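Please open the structure in a viewer and keep the selection tool at hand.

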Amino acid sequence: MKKSRVLVFSDFDSIRKIIVNSIKSKGMDVIETTSYQNAIKELNGTSFSLVITDNDIRNDDGTKLVKYMRSLTSYLYTPILLLHSSKPEQLADTYADYNIACFMGKPFDMQKFHSVVDRFA
């Protein structure tokens, strides 16, 4: 059976480390990145079964990675878990055309997080 591979993009160290350690404990391969440029590099060289990205990126627009992913044929249908600290109705409008699998507000419940990862990865 093929191991799931997950890309985690967040510039907040504490959140990213919690997510990465949690996913690794489930036996999945995890690639973590803190910059848009490195995330793009990973997407162009690796196949992922799930991408977890933060909408709230310092000094950047959190939508850039999602827009870029959906421009790639190989990532048209890859599930995206979007972490956020915004109002969900604002995000629904912003991401309406990008087929987000799950919006998860921060702070998030780890049990719910595991459930979502198990479902989509």
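**A loop residue and its contacts**

Select Asn99, which touches Arg70 and Leu76 when residues up to four places away in sequence are not counted. The model is a predicted one. Asn99 belongs to the loop that runs between helix 4 (88-94) and strand 5 (102-105).

**Two helices side by side**

Next, select helix 2 (residues 36-45) and helix 3 (residues 63-71), whose axes come within 10 Å and cross at roughly 20°. Because angles under 35 degrees count as roughly parallel, helix 2 is roughly parallel to helix 3. The crossing of helix 2 past helix 3 is right-handed. To see the contact, display Tyr36, Ala39, Ile40, Leu43 and Asn44 on helix 2, together with Lys64, Leu65, Tyr68 and Met69 on helix 3. By class, this contact has seven nonpolar residues, one polar and one charged.

**The nonpolar cores**

Which residues have the most contacts inside the largest nonpolar core? Select Leu43, Val51, Leu65 and Met69, which hold that place in a core of 19 residues. Strand 1 (5-9), helix 2, helix 3 and strand 4 (80-84) each supply at least two of its residues, and helix 2 gives the largest share, with four.

Centre the view on Leu43. Beyond its neighbours within four places in sequence, Leu43 is in contact with Leu7, Phe48, Val51, Leu65, Tyr68, Met69 and Tyr75.

Finally, select Val8, Val30, Leu50 and Leu83, which are among the 17 residues of another core, apart from the largest one.

Key
Residues are numbered from 1 along each chain as its sequence is written. This is a predicted model: local features need pLDDT of at least 70, side-chain atom pairs count only at pLDDT 80 or more; totals for chains, interfaces and linings use all residues. Side-chain values use heavy atoms; hydrogens and water are left out. Contact means heavy atoms within 4.5 Å. Axes are lines fitted to C-alpha atoms, for helices over the stretch in contact, and angles run from 0 to 180 degrees between N-to-C directions. Angles under 35 degrees count as roughly parallel, over 145 as roughly antiparallel, 65 to 115 as roughly perpendicular and the rest as oblique. A crossing is left-handed if the near helix is turned anticlockwise from the far one by less than a right angle, and right-handed if clockwise. Ala, Val, Leu, Ile, Met, Phe, Trp, Tyr, Cys and Pro count as nonpolar, Asp, Glu, Lys and Arg as charged, and the others, Gly among them, as polar. A nonpolar core is a set of buried Ala, Val, Leu, Ile, Met, Phe, Trp, Tyr and Cys residues joined through side-chain atoms within 4.5 Å. Buried means under 20% relative accessible area, exposed over 50%, partly exposed in between (1.4 Å probe, protein chains only).
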